[in-house]
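Here's a quick briefing to read with the model open in your viewer.

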Amino acid sequence: MSATAVVSQPHADPAAALGRAAVLALIAAGLLIIFVPLLLTLYLSLFDEKLILFPPRGYTLAWYPAIIPNFGGAVLVSLELAFGAVIGSLLIGVPAGIALSRYRFRGAGIISTLLLAPLTVPGIALGLAIYLFLVLIEIGTGWPLTGSLLGLILSHLIVTMPWVVRLSVASLVNHDRAAEEAAASLGASPVRVIWRVTLPAMRQGIIAAGLFAFITSFGNLEMALFLVAPGVTTLPVAILEYLEYHIDPLVAAVAVAQMVLIALLLLVLDRFVRLGQVVR
Amino acid sequence: MSAAALQLRALSRQFGTHYAVRGVDLDVAPGEMIVLLGPSGCGKTTTLRMLAGFLSASSGDILLDGASIAALPPHRRDIGIVFQSYALFPHLSVARNVRFGLEMRRVPRAAADERVAEMLRLVKLDRFADRLPRQLSGGQQQRVALARALAIRPRLLLLDEPLSNLDAALRQEMAREIRILQREGGITSIVVTHDQSEAMAMADRLVIMRDGVVEQVGSQEEVYERPATPFVASFIGQSNLIRGRLADAGTLVTEGGARVALAARYAGAGAACLAVRPESIRLAAKGGSAGGVVRLCTYLGAVLEHVVRLEDGTDLIVRGAGERHEAGARVSLIWSAAAERVFDADDRPAAQLAEAEPAMTGGQQTWAR
């Protein structure tokens, strides 16, 4: 690889060649850091051992079928929760993104900051705060929010919303406002302008936002940690609880399954939108 | 008066304390194409946006077919707009773009189909009905934008810098096409542009704007031959502007102290500005209105261009066929009374006195508007 590069550029500046080598080394290091843990997880999930011992006595696929009885319920809750969070954050975040990028109004800066701020707060602090908040509401109103799917969805909205708002705003940055004015001049009321022109223009951004919201919610541990209840436990919390009593390759198998699920989701979505274009 | 299709009444728009548009009055006849022309920041685009309803007027009124539309939102105005960027809907085919306004008006399917086909034929894009905008050239996109705006049978058509995004070769062709469609359809239209050749090519009447105020309204001939202000004289075509004061009815003393013998005689005295077009000046060996020294002579093909410096240091541009005078040569500058405009201290045209050269009176007109 480097040999051909040198041959094709016989007069290459040694400093530039060094720079190129450094960049390649960085890329290689980055790929290693990302993929080695993933590959190790995959490797561990195949160990035929009760405890994680190295080297293993043998290899087995038996951990995978064991996922369903141990974690099936949690996966289901996590999927329901993620879908709820995606739909909720799109319903609120997309209109917010349109408003923030399209209209100038008093308080726009504050709303923008509030919607994006949760990214800056440690998740565990947010999770605890939300738990206390929901308990207070529960005491005040009698609505059983803690330990309910609704409570979980509401808490996840806080961490999924920033992604949706940011991607919505970003998807309108390069959009020609004149298209909306043209639609208005052709007789479209403001609502129809948004429906017929603005939203179609945001399509890729909305899909990407939904995807990010899904991944964020599906993998989120901290927000759910205090809010789960028997029967309403998310996958990350279930994994954590399982790890308190067991250290076996089942957890690695669950992690691999989760990765495969999200990777498949990305592949499917990539057929509809060029993710590389949306996420820059 | 009531025959006007569009009337602007003292239309103004303020941004903070700054007037972007100030007291614009204008009557547009049905089927007329008016071009708002001026440098950037002159208020022409602000005026267009107020007509479209994207901006509200600070004061004044807009009447369309006699009724005020100033309070109507854009989607109730029935005004077609062709944007500078075309603003086509990127996710819709050409036919769906053209159809958009008809869908908004809930035109029945069959009638809409027919109308879309008719519009696409009109702009010669019937073969491209199923294409997406990004698959078309700039000129074709422009045609789609035009067809889309015309499909709703607008009461008024607004065109924002319609030719500025096209290649030079395509501009004249597109200008002609737009003009023919507009004429034959009898569509009352307002064009906004900063390009005077574009304006000249498209207008029935020109509205020259500067700093939010209308400087002159008139036909191409009027604004070119009888500019109402020094600004118009220099913005439409080119003019040599010489500021000074009227020493007597027939003499202008420049700010630098040079004496220019005017071709006609003028009432009034005091500060004045003389405007003469480069192509109206003839160079001779002696006589004429003023004398100077040639600084530069350039061959431009059809014409020669001389830069002549007056004794006070003012440079005048002279353009025309004729004898070549090399740099350093002393020459006289001659122009006719008809080619000469003198503006008073308020930049209004000074009236020529009747005793001007008899031969020229045929070409003179009253300058008061």
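What follows is a short tour, chain by chain and then across the contact.

This is a predicted model, so a few ground rules apply: local features need pLDDT of at least 70, side-chain atom pairs count only at pLDDT 80 or more, and totals for chains, interfaces and linings use all residues. Residues are numbered from 1 along each chain as its sequence is written, while chains are lettered from A and ligands numbered from 1 in the order in which they are written.

**Chain A**

- Chain A has 13 helices and zero strands, with helices (H or I, at least four residues) and strands (E, at least two) taken as DSSP runs numbered from the N terminus.
- Reading along the sequence, you get α-α-α-α-α-α-α-α-α-α-α-α-α.
- The C-alpha atoms fill a box of roughly 75 × 75 × 30 Å along the principal axes.
- Of the 280 residues in chain A, 34% are buried (20 or more other C-beta atoms within 10 Å of the residue's own; 12 or fewer is exposed, in between is partly exposed, and C-beta atoms are placed from the backbone).

**Chain B overall**

- Chain B brings eight helices and 20 strands.
- Its C-alpha trace spans about 75 × 45 × 40 Å along the principal axes.
- Buried residues account for 42% of the 369 residues here.
- Domain 1 covers 6-225 and domain 2 covers 239-363, with bounds from an automatic or database domain assignment.
- The centres of these two domains of chain B, taken over C-alpha atoms, sit 40 Å apart.

**A sheet in chain B**

- Six strands of chain B make an open, mixed sheet in the order S6-S7-S8-S3-S9-S10, where pairing takes at least two DSSP bridges between two strands.
- At the edges are S6 (79-82) and S10 (213-218) of chain B, each pairing on one side only.
- Neighbouring strands are turned by 20° against each other on average, direction ignored.
- S3 (33-37) and S9 (205-210) of chain B run parallel over four bridges, and Val35(B) has Leu206(B) as its bridge partner in S9(B).
- Helix H4 (138-151) of chain B lies across S6 and S7 (156-160), at about 175° to S6(B); axes are lines fitted to C-alpha atoms, for helices over the stretch in contact, and angles run from 0 to 180 degrees between N-to-C directions.

- Ala271(B) is found in strand S14 (270-276) of chain B.
- Ala271(B) counts as partly exposed because it has 15 C-beta neighbours inside 10 Å.
- Leaving out residues up to four places away in sequence, Ala271(B) touches Arg245(B) and Ala345(B) (contact means C-beta atoms, placed from the backbone, within 7 Å).

**Where the chains meet**

- The contact draws on 15 residues from chain A and 18 residues from chain B.
- On the chain A side, H7 (177-185) and H8 (190-201) each supply at least two residues, and H7(A) gives the most, with seven.
- That side of chain A divides into nine nonpolar, three polar and three charged residues; Ala, Val, Leu, Ile, Met, Phe, Trp, Tyr, Cys and Pro count as nonpolar, Asp, Glu, Lys and Arg as charged, and the others, Gly among them, as polar.

Methods. Contact = placed C-beta atoms within 7 Å.
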